[in-house]
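Thank you all for coming; please have a look at the structure on the screen, and I will then walk through a few places in it, one after another.

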Amino acid sequence: MSAAALAVVVAGCAGPFPQSALRPRSDFGGAVDRLFLDIFWWAAFVFVVVEALLVIALWRFRHREGRPTPKPTHGHTALEIAWTLAPAVILVFVAVPTVRTIFATAGEAPADALQVSVIGHQWWWEYRYPDLGVVTADEMHVPVGKSVRVSITSADVIHSFWAPALGGKRDAIPGRVNYIAFRADSVGDYPGQCAEFCGASHANMRLHVIVDSDSAFRAWVAAEQAGPGLPARGSLAERGKAVFSRNACIGCHTIQGVSPGIIGPNLTHGGSRTTIAGGMFPNDSATLAKWIADAPALKPGSIMTRMQPPLSDADIAALVAYLQSLR
Ligand code: CUA
């Protein structure tokens with residue numbers, strides 16, 4: 001490998017890569033990381049031993065003028081036993097921690113763990129907190145230092161939930177529930193994404209797990225449990241609510257007390273989220289307006305199609321004001 005290529009590979013391990021499993025921020029992430037390092041060092045050891053033997057053999061038995069052809073040897077019982085046993089022993093050292101980690105990360109959690117149900121959709125994530133009566137999308141909030149038990153399923157095709165800093169990925173399979181459990185050890189915003197090809201916008205199916213301090217988490221839950229804000233009389237947002245209510249929006253989106261749709265993300269507190277469209281874009285007015293006008297142009301395959309007949313610019317502006325007011 002040339003020096004330049006090596007530099008590229010080494011540089012690839014540094015830098016600001018928030019979606020890395022190599023900087024774990026939970027017990028689950030730590031267990032996976034330790035196992036990775038464990039196996040990495042065994043592999044490095046095997047590599048060094050094998051390459052050293054190869055180089056020694058190449059050097060010692062290289063061709064030299066006047067040297068007779070070496071005598072072929074056949075069968076060396078001690079050597080054959082050694083190179084059969086050594087890999088078997090190394091495999092035991094790899095297998096034992098692997099199996100231990102598989103069981104340790106099987107999704108068991110203390111009875112008082114926060115329950116979160118994750119549902120994959122083409123192409124966004126829904127989060128339900130059954131004990132708290134909260135339903136949200138794209139951004140999952142959890143408290144720091146507390147066990148969280150996540151049940152994972154899908155509403156359509158197979159997806160895979162993965163927030164690398166917090167732990168291993170797990171498939172979201174329709175008609176089946178898989179579990180992970182973790183306890184985040186630092187506050188932060190940990191990005192992740194769908195890790196199983198699930199259609200046109202698989203790569204656009206992103207997510208954020210936001211680990212809050214205890215008080216921030218309680219404030220978030222309280223805000224989510226409250227009903228949606230009522231727009232002020234005569235405001236643009238109030239007009240937007242009327243636009244929302246007389247259009248197809250209500251067929252797909254829930255806004256508590258306004259509409260019952262369940263095909264798209266629940267928008268009761270949509271304005272409080274930092275991203276839209278499956279974590280793909282910032283939740284700002286300009287992007288939201290573009291998204292409402294023509295979602296498939298921003299996200300290939302989006303199930304939210306262009307409105308027919310198209311909404312007027314004034315209606316879109318009102319709708320944006322209304323959605324942004326839902327905090
Ligand atoms: Cu969902 Cu890939």
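I would like to begin with Thr-275, which, leaving aside residues up to four places away in sequence, touches Asp-138, Glu-139, His-208, Phe-281, Pro-282 and Asn-283. Please keep in mind that this is a predicted model. Thr-275 belongs to strand β13, residues 275-276, and with a relative accessible area of 9% it is buried, because the cut-off for buried is under 20%. With one of these neighbours, Glu-139, there is a polar contact from side chain to side chain, at 2.8 Å.

Asp-138 is not a glycine, and yet its phi is positive, at about 65°. Asp-138 is found in the loop between β3 (134-137) and β4 (139-143), and at 3% relative accessibility it counts as buried. Ala-277, in the loop between β13 and β14 (281-282), also has a positive phi, near 60°, and is buried with a relative accessible area of 10%.

While we are on the backbone, let me mention two peptide bonds. The one from Gln-122 to Trp-123 is cis, with omega near 0°, and Trp-123 has its place in the loop between β1 (114-121) and β2 (124-129). The bond from Gln-308 to Pro-309 is cis as well, with omega near -10°, and Pro-309 lies in the loop between α8 (295-298) and α9 (313-325).

Let me turn now to the helices: how do the axes of α2 and α3 cross? They come within 10 Å and cross at roughly 170°, which makes α2 roughly antiparallel to α3. Where the two meet, the residues include Leu-35, Trp-42 and Phe-45 in α2, and Ile-90, Phe-93 and Pro-97 in α3.

That brings me to the aromatic rings, of which eight pairs are counted, taking ring centres within 6.5 Å as a pair. In the pair of Trp-42 and Phe-93, the centres are 5.1 Å apart and the planes stand at 25°, so the rings are stacked. Because Trp-42 lies in α2 (residues 27-60) and Phe-93 in α3 (residues 77-104), this pair ties together parts that are 51 residues apart in sequence. Trp-42 counts as partly exposed at 24% relative accessibility, and so does Phe-93 at 46%.

Elsewhere, ring pairs link Phe-36, Phe-40 and Trp-41 into a cluster. Finally, the charged end of Arg-62 sits over the ring of Trp-59, 3.9 Å from its centre, and that of Lys-169 sits over the ring of Trp-162, at 4.3 Å from the centre.

Terms used. Residues are numbered from 1 along each chain as its sequence is written. This is a predicted model: local features need pLDDT of at least 70, side-chain atom pairs count only at pLDDT 80 or more; totals for chains, interfaces and linings use all residues. Side-chain values use heavy atoms; hydrogens and water are left out. Rings of Phe, Tyr and Trp (its six-membered ring) pair if their centres lie within 6.5 Å; planes under 30 degrees apart count as stacked, over 60 as edge-to-face and the rest as tilted. Helices (H or I, at least four residues) and strands (E, at least two) are DSSP runs, numbered from the N terminus. Buried means under 20% relative accessible area, exposed over 50%, partly exposed in between (1.4 Å probe, protein chains only). A charge sits over a ring if NZ of Lys or CZ of Arg is within 6 Å of the ring centre and within 35 degrees of the ring normal. A polar contact is a pair of N or O atoms within 3.5 Å; within protein, one must be able to donate a hydrogen and the other to accept it, and residues adjacent in sequence count only if both atoms are side-chain atoms. Contact means heavy atoms within 4.5 Å. Axes are lines fitted to C-alpha atoms, for helices over the stretch in contact, and angles run from 0 to 180 degrees between N-to-C directions. Angles under 35 degrees count as roughly parallel, over 145 as roughly antiparallel, 65 to 115 as roughly perpendicular and the rest as oblique.
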